[in-house]
Amino acid sequence: SSGIKQSTGTLDKRKHHIVVIDMRLAVYSIGEQIVRKIRSRPSLASVVTLAVCPAIPRWCEEPSVRPYLDMGFNRRFLENHDRGACLNEIVMMDTGEVSTGLKLSVANTLFQLLEESR
């Protein structure tokens, strides 16, 4: 619990835009608690959260992303040892969710200033 508070406190101070949480371990509750704590703070509303999940063997059907979305994650990334795939995922997040989140945050701030000036 203190580790979760410390990690969200660090996020508040450093203003990261992307948070990668390792969900490959058998203990999902810690990752879920961290994401729920991030989502509960208005100051961290624009943070993009990525769940890194264990790789799925080729002969198995890929599991649904729905449980991760329900936890509060924005994206799920299946474990991949290819550097290009990992880099591509980060670039996609930066140009997609992060950029959109920052634009929405700026627009929200402008609307708040406009409301206060009336």
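Colleague: How many aromatic pairs does a search of the whole structure find?
Modeller: The search finds one aromatic pair; rings of Phe, Tyr and Trp (its six-membered ring) pair if their centres lie within 6.5 Å, and planes under 30 degrees apart count as stacked, over 60 as edge-to-face and the rest as tilted. This is a predicted model, in which local features need pLDDT of at least 70 and side-chain atom pairs count only at pLDDT 80 or more, while totals for chains, interfaces and linings use all residues. Residues are numbered from 1 along each chain as its sequence is written, and side-chain values use heavy atoms, with hydrogens and water left out.

Colleague: Which rings form the pair, and what are the values?
Modeller: The ring centres of tyrosine 68 and phenylalanine 73 are 6.2 Å apart and the planes are at 70°, so the pair is edge-to-face.

Colleague: Are those two residues buried or exposed?
Modeller: Tyrosine 68 and phenylalanine 73 are both buried (under 20% relative accessible area; exposed is over 50%, partly exposed in between, with a 1.4 Å probe and protein chains only).

Colleague: Now threonine 49: where is it found?
Modeller: Threonine 49 lies in strand β2; strands (E, at least two residues) are DSSP runs, numbered from the N terminus. Threonine 49 is buried, with a relative accessible area of 0%.

Colleague: Which residues does threonine 49 touch?
Modeller: Not counting residues up to four places away in sequence, those touched include Val19, Arg39, Gly72 and Phe73, where contact means heavy atoms within 4.5 Å.

Colleague: Which strand does β1 join, and how many bridges are there?
Modeller: Five bridges join β1 to β2 (residues 48-53), and the two run parallel; strands pair if DSSP finds at least two bridges between them.

Definitions and conventions: Helix = DSSP H or I, 4+ residues; strand = E, 2+ residues; numbered from the N terminus.
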